[in-house]
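A plain account in running text will do.

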Amino acid sequence: MGSPQGYRASWWTFLLHQAPHINFQFEAVGGEFAPEDWGYQQALLFLASISGLCFAISLVLICVYLIRFCCCSNEDEEETKTQRVCCVTWSCVAAVIICCAGIGIGFYGNSETNDGVYQVTYSLLNANHTLSSIDTLVSETVELLSATVRGDLTQLEETLSPRTDLVAVVRNTRRQAETVAQTLDGVPFWGETRGGPSILAEQVGYLEDYRWLAYILLLLLDLIICLFTLLGLAKQIKWLVIVMTVMSFLVLILSWGSMGLETAAAVGLSDFCFEPDGYVMNTTQARTGLSPEILQYYLTCSQDVFNPFQQRLTMCQRALSNIHSQLYGLEREAVPQFPAAERSILAIQSTLNTTESNFHHLVALLNCRGLHKDYVDALKGLCYDGMEGLLFLLLFSFLSALSFTTAVCSLPRAWKRFQNRDSDYDDMEDDDPFTPQARRLPTVRAGGAGPTLPGSYSHCSSWGSRGSLRLSAPPISNAPVSQYMSQSASFSGSPRFESVPLIDRHSPPPSYSPSMRASYVGASEEVEPPYRTGYQP
């Protein structure tokens, strides 16, 4: 069976429909959409297992990388070490950026899928409204005709009883009205016991709400992990990076799992959208018992397809025309002789006018255009917007899985670097006054008494105790200080420090070399500093 008018399968539907359908015994399975068939279910599960295989490969890569990272020696040159640290940092940042791009794609795909599914539910509700209107209109018309037959026509027959010829006309009118009622009573083809499209719309909407919410939570979780990962890398917070590494591994599992579900759903939906009429006809006929002619008429809506209601509608139209002509003859012949019959004839004509109006409305509702339009709109929403959104969600899951695989591999090197970031100072001397370790430890006077000197004076600890300093009586030479002053002026460009001694600046010199330090310490051992002259044991 071909596609309905107004709908054509998209190119991505055609491509996905060409995907191999293989069961667990590696045997080819037909591409017809048959979700109740076990072989077809195996084919979809086989496609979903490809995502599981990718997840296993990513786990192997992560394990190999971490084993090499933990077991291999790191005796590299400083330049190579710096390059590796830069590579690790930028790989983490690139993974986070790609993940954020995938999150944006995921939000768009989730919205598109939601729009497509709600287009399906809207079309189903419209179709249910049309079917309900047909049932309501037929039931009202049949009741109206039955009441007319029992009331006005019976009273008119009693009024015209003296004229047998007129009584025969009234009885013929009664038979025509009963025929119309019986014919219309068989027109409704969708009973309440079969379950209307509204039930299907409610089920689809219920599932879609939970699907949309689940993807929103997954997207927000990915976004939070990306933001906190960037924060941990920027602030070098080790515990935060460790927590985000664990969370990245958990989201990695969710990403590969969602990718498997989306792959199976996309291929199954493409099989349905490639030729939807066959599955819809077979399923609807099995669940509702409708005749194939009615289903073919509404699904195809072509001039080549015969209208199954045409015969009934023609019979009703002819019967109503006969009733009109008979009432016109009774009004012309009976009213002059039986004035009491005029009220009954007018009541019957009013009922007949209402019946004709309902009949024309029923003919419009039974036409295939309305229900076929709802059917095509549902297909477009599901196979255009829904399929497009599902493919974007598939791309999001793939990018998210790749990004978190890279993050799980790179983040451990990053937090190890945070832990050992002070190891670069291990090759420096312990008495170096300008290392971060020396700045963190306050210097206390000998004996534990007196106030603590600022960190800028910590270099005095390398000169020895105060007792050794007091033995030097001559004032300190200004030669090395002048050397410091000239270099400080050349670097800072601030003339207000040129005549101030180094110690009175309360800050370490801007440039520092071992030769300067040796000269300065040698001068301090020979001469007592000026600010120490007042200190005697």
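**A walk through the model**

The second largest cavity has a volume of about 70 Å³. A cavity here is a set of points, on a 1 Å grid over the protein atoms alone, where a 1.4 Å probe fits but cannot get out. Grid points are joined across faces, edges and corners, and the volume is the space filled by probe spheres set on them. The model is a predicted one, in which local features need pLDDT of at least 70, side-chain atom pairs count only at pLDDT 80 or more, and totals for chains, interfaces and linings use all residues. Residues are numbered from 1 along each chain as its sequence is written, and side-chain values use heavy atoms, with hydrogens and water left out.

In total, the structure holds 7 cavities of 30 Å³ or more. The lining of the second largest cavity includes Leu 145, Thr 148, Thr 173, Ile 323, Leu 352 and Thr 355; a lining residue has an atom within 4 Å of a cavity point. Helix H3 (78–150), helix H5 (164–185), helix H10 (310–337) and helix H11 (341–366) are the elements that give two or more residues to this lining. Of these, H11 gives the most, with 4 residues. By class, the lining of the second largest cavity has 7 nonpolar, 4 polar and no charged residues. In this scheme Ala, Val, Leu, Ile, Met, Phe, Trp, Tyr, Cys and Pro count as nonpolar, Asp, Glu, Lys and Arg as charged, and the others, Gly among them, as polar.

The protein as a whole comes to 16 helices and 0 strands, where helices (H or I, at least four residues) and strands (E, at least two) are DSSP runs numbered from the N terminus. Buried residues make up 42% of the 537 residues; buried means under 20% relative accessible area, exposed over 50%, and partly exposed in between (1.4 Å probe, protein chains only). Among contacts with a separation of 6 or more, 79% are between residues 24 or more positions apart, a contact being heavy atoms within 4.5 Å.

Val 251, in helix H7, is an example of a buried residue, because its relative accessibility is 1%. Leaving aside residues up to four places away in sequence, Val 251 touches Leu 221, Asp 222, Ile 225, Ser 400 and Phe 404. Ser 400 is 149 residues from Val 251 along the chain, yet their C-alpha atoms are separated by 8.4 Å.

Ser 10 sits in the segment before helix H1 (11–17) and counts as buried because its relative accessible area is 11%. Its side chain makes a polar contact of 3.0 Å with the side chain of Trp 12. Such a contact is a pair of N or O atoms within 3.5 Å; within protein, one must be able to donate a hydrogen and the other to accept it, and residues adjacent in sequence count only if both atoms are side-chain atoms. Beyond residues up to four places away in sequence, Ser 10 touches Cys 383 and Tyr 384.

Tyr 384 also takes part in the aromatic pairing. Rings of Phe, Tyr and Trp (its six-membered ring) pair if their centres lie within 6.5 Å; planes under 30 degrees apart count as stacked, over 60 as edge-to-face and the rest as tilted. By this rule there are 13 aromatic pairs. One of them is the stacked pair of Tyr 7 and Tyr 384, at 5.7 Å centre to centre with 25° between the planes. This pair links distant parts of the chain, 377 residues apart: Tyr 7 lies in the segment before H1 and Tyr 384 in helix H12 (residues 368–419). Tyr 7 is buried, with a relative accessible area of 5%, whereas Tyr 384 is partly exposed at 25%. The rings of Tyr 206 and Tyr 210 have centres 5.0 Å apart and planes at 65°, so that pair is edge-to-face. These two tyrosines are separated by about one helical turn, because they are 4 residues apart in helix H6 (residues 197–235). Both Tyr 206 and Tyr 210 are exposed. Phe 33, Tyr 40, Phe 272 and Tyr 279 form one aromatic cluster.

Backbone angles come last. Most residues other than glycine have a negative phi. Phe 26, in the loop between H1 and helix H2 (38–71), has a positive phi near 60° and is exposed at 62% relative accessible area. Gln 236, in the loop between H6 and helix H7 (238–274), has a positive phi near 55° and is partly exposed at 40%.

Methods. 1 Å grid on protein atoms, 1.4 Å probe; cavity = no way out; pocket = protein on both sides within 12 Å on 5 of 7 lines; lining within 4 Å.
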